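Me: I have just opened this structure, and I would like to learn how to read its features. Could you walk me through it?

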Amino acid sequence: MPHYEPCTGLDLESLKFMYAMVFAVEEINRNSTLLPGVKLGYRILNSCARYPWALQGPLSLVGGDAHSCGQPVPLLIGGAASATSIMLSRILGPLSVPVISYFSSCPCLSDRSKFPNFFRTIPSDVYQARAIAQLAIRLHWTWIGAVVENNDYGQFAMQVFQEEIEGKGVCLEFIETVGRETIVSDAKRAALTIQASTARVILIFCWYTDVKRLFQELAERNVTDKQFLASEAWSTSDDLLHDLTISNVATGVVGVAIRSSTIPGFGNYLRSLNPISHPYDEFLREFWEKEFGCMPVKGFLHKVSLPPCSGTESMEGAQRPFTDTSQLRVSYNVYLAVYAAAHALHSLLSCPNTEGPPGNNSSTCSSPKHIQPTELSQYLNKVNITTPQGEMFYFDGADIPAKYDLVNWQKTPEGTLKLVLIGHVDGFDLHLNESAIQWSTGSNQVPVSVCSEICPPGTRKANRKGEPVCCFDCILCAEGEINNKTGSLHCEPCPSEFWSNVERTACIPRQLDFLSFNETLGITLTTAAVSGAVVTTAVFVVFLHYRQTPMVRANNSELSFLLLVSLKLCFLCSLVFIGRPSVWSCRFQQAAFGIIFVLCISCLLVKTIVVLAIFRSARPGAEALMKWFGPGQQRGSVCFFTCIQVIICAVWLSLSPPTPRRDLGFQGSKVTVECAMESVVGFCLLLGYIGLLACTCLLLAFLARKLPDNFNEAKLITFSMLIFCAVWVAFVPAYVSSPGKYVVVVEIFAILASSYGLLFCIFAPKCFIILLRPDRNTKKHMMAR
């Protein structure tokens with residue numbers, strides 16, 4: 001069983017609430033229009049915010065005891081705590097005794113089916129929990145700790161808060177509960193949790209006395225780097241604001257507070273209080289002893305150490321928290337509760353069906369001495385009055401319209417804390433003046449409270465397994481995807497013609513990629529092509545200069561010159577593949593490549609055939625064979641073979657020519673501009689015909705390689721054709737598998753490699769003899785076996 005301390009001591013906050021009730025009752029009793037002829041009475045008991053005393057007193061009043069003159073009271077104003085009101089409402093429910101609370105804000109009390117006799121002049125916690133959630137969302141606090149009272153007030157408020165932040169990117173690191181009866185141990189445990197927490201912002205739904213104990217524990221541990229969010233139960237507590245021992249911990253508190261109001265004349269009333277004029281007011285006597293340190297009235301048991309008061313002590317003059325009525329909150333709720341009860345009682349005692357005065361003996365009227373709680377509850381439901389501030393006041397079921405102030409605790413030069421208004425809440429609308437807030441850091445910069453820093457543009461959130469959604473890693477968007485927002489879960493792919501920039505924050509047009517004359521690879525291939533053309537030209541000049549020598553004249557020098565020209569064109573045609581593809585370059589490059597190479601291979605094929613024919617004609621009876629392989633027939637054969645390729649190219653280019661196309665694959669941020677083969681068949685026929693001629697030439701040259709001659713050109717043609725065929729056999733798979741512009745590079749390399757192979761294999765030995773061994777450049781030497 002928990003240990004309950006005796007109900008002793010004086011709480012100044014509650015004392016002000018009490019005198020707000022007394023002031024309202026006396027004001028109503030002086031009112032000639034409200035309850036005329038009827039005087040309200042009251043009995044005030046101290047519960048010390050402990051359940052046994054909170055129940056014992058009200059039950060004694062409802063049951064009728066000596067203090068209430070044996071008459072059961074028809075209405076209770078209290079309890080302060082939601083748990084107390086729940087117990088009172090359930091116990092008094094069968095008796096239909098209405099209970100009007102000025103401070104019980106639990107949402108559960110709005111259920112009229114469970115609490116039909118409950119009313120309150122404070123809004124439901126649904127609204128303050130939503131306001132605090134909106135505040136956290138607005139200030140981007142995504143990582144919050146919570147300390148809640150272990151009762152219906154704390155649990156229900158926390159439930160509403162969690163429902164409100166769900167899906168809004170706000171997470172709770174911990175929820176610590178504290179009990180009123182076990183606050184000493186609970187406060188220590190909660191303080192240790194807060195100290196170890198990574199959350200910068202701590203939400204507290206507790207009674208102010210429990211918050212004070214928690215702050216004392218935090219002050220002992222020097223925990224001053226937390227920003228506290230306050231519920232209305234403690235956000236305006238003078239007891240906390242004026243406690244210097246916790247000021248460093250509590251600096252910067254932001255909270256939801258009951259809407260502040262004024263009660264005309266209440267300040268003067270408090271300042272006029274004096275135990276001499278109220279000799280039987282035990283609460284005032286105890287307050288006087290505590291405030292002035294003397295015994296004010298004789299005849300009461302008093303502390304021996306206290307001297308008697310001189311009688312000159314007064315509440316006038318000096319500024320005291322007790323007499324400060326500039327921002328009445330809970331006191332005004334008490335004031336409203338008394339007036340609501342008075343108006344309901346006025347309606348009950350009035351006689352709407354007669355013109356007689358209230359309280360006559362008509363059967364339609366109730367007697368002030370016989371008030372039925374059931375009837376009083378019915379009239380409370382119909383209360384609709386205008387407050388001194390001009391606002392309409394009514395009970396919406398058990399509740400009233402939700403209006404709150406937003407307050408901030410700021411340090412004064414004296415070291416204490418003062419309450420500063422920074423905004424207000426009207427229903428579901430939150431209005432906040434951020435520039436007026438002084439945070440726990442002492443600056444106007446909003447504290448940061450996150451588990452993980454918000455992901456910047458260019459990244460996306462990746463939740464950590466087994467952790468709250470507020471704890472995540474920031475992953476850079478993949479190539480081709482962007483995110484120009486902060487804290488996004490996904491990256492968006494760029495359109496096909498665009499690519500992501502380095503920061504992954506914007507899509508930029510893809511860079512056109514093709515084999516350019518300006519890049520290293522283009523320069524290298526261009527140099528190789530031009531060098532090959534220059535070398536070929538040099539060979540041509542050498543052969544032209546030595547055209548009368550046997551080496552040049554052997555086997556039709558005209559074909560040798562034509563072969564050199566075709567080889568030069570082979571080198572130069574590779575340059576057509578370099579540069580940005582266009583409609584005409586795509587058509588010309590493949591046609592030029594196919595026709596020129598056929599011309600070159602045709603020359604070699606005819607040369608090989610002539611070599612075979614010459615040696616065949618040397619045999620008896622074969623003299624007539626050479627008439628079919630004269631110069632004219634050789635030229636005609638070359639033209640015939642070449643014209644076939646021309647026809648293939650013409651048909652191909654007329655039906656489905658290559659066209660420039662942008663290839664979006666493989667190159668990431670680049671778009672490869674290439675010549676697309678619209679008809680693969682045409683390209684295969686072009687290459688196939690070249691391959692057919694090359695294989696035929698290789699076969700014939702191979703057959704003629706051992707013919708009896710000191711300089712057998714068939715051997716040179718065999719080696720050149722072996723290189724040529726090897727290059728183009730390797731070209732096919734390389735061409736198919738190469739990405740982007742490297743397709744063009746592979747084809748240029750094949751052209752240059754095969755051209756260099758033909759040039760060096762066929763003409764290098766001849767140039768060597770012509771230039772370096774002229775003694776061998778004789779017909780006799782060449783014909784020798």
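Reply: Gladly! A salt bridge here is a side-chain nitrogen of Lys or Arg within 4 Å of a carboxyl oxygen of Asp or Glu. Lysine 212 sits in helix α7 (residues 208-220) and aspartate 239 in helix α8 (residues 238-241), so distant parts of the chain, 27 residues apart, are linked. Helices (H or I, at least four residues) and strands (E, at least two) are DSSP runs, numbered from the N terminus.

Me: What should I know about the model and its numbering?

Reply: This is a predicted model, where local features need pLDDT of at least 70 and side-chain atom pairs count only at pLDDT 80 or more, while totals for chains, interfaces and linings use all residues. Residues are numbered from 1 along each chain as its sequence is written, and side-chain values use heavy atoms, with hydrogens and water left out.

Me: How many salt bridges does the structure hold?

Reply: Side chains of opposite charge can pair when their charged atoms come close. The structure has 22 salt bridges. One of them joins glutamate 164 to arginine 130, with the closest N and O atoms 3.7 Å apart. Glutamate 164 belongs to helix α5 (residues 152-165) and arginine 130 to helix α4 (residues 125-138), so this pair ties together parts 34 residues apart in sequence. Salt bridges can also form a network, as they do among Glu149, Arg180 and Asp210.

Me: Is serine 574 buried or exposed?

Reply: Buried means under 20% relative accessible area, exposed over 50%, and partly exposed in between (1.4 Å probe, protein chains only). Serine 574 has a relative accessible area of 1%, so this residue is buried. Look for serine 574 in the loop between α16 (557-573) and α17 (583-617). Leaving out residues up to four places away in sequence, serine 574 touches Ala529, Ile748, Ile751 and Leu752; contact means heavy atoms within 4.5 Å.

Me: Which strands are joined to β22 by bridges?

Reply: Two strands pair if DSSP finds at least two bridges between them. Strand β20 (residues 511-513) runs parallel to β22, with three bridges joining them, and here glutamine 511 stands opposite lysine 670. Strand β21 (residues 659-663) runs antiparallel to β22, with five bridges; arginine 661 has glutamate 674 as its bridge partner in β22. Strand β22 (residues 670-676) is mostly covered, as six of its seven residues are buried.

Me: How many disulfides does a search of the whole structure find?

Reply: A disulfide is a covalent bond between the sulfur atoms of two cysteines. The cut-off here is a pair of cysteine sulfur atoms within 2.5 Å, and the search finds eight disulfides. Among them, cysteine 455 and cysteine 474 have sulfur atoms 2.1 Å apart. Cysteine 455 is in the loop between β13 (429-432) and β14 (459-463), and cysteine 474 is in strand β15 (residues 472-476), 19 residues apart. The angle about their S-S bond is -95°, making the link left-handed. At 0% relative accessibility cysteine 455 is buried, whereas cysteine 474 is partly exposed at 34%.

Me: And what about cysteine 643?

Reply: Cysteine 643 takes part in no disulfide; the nearest cysteine sulfur belongs to cysteine 639, 6.1 Å away. Cysteine 643 is partly exposed, with a relative accessible area of 43%.
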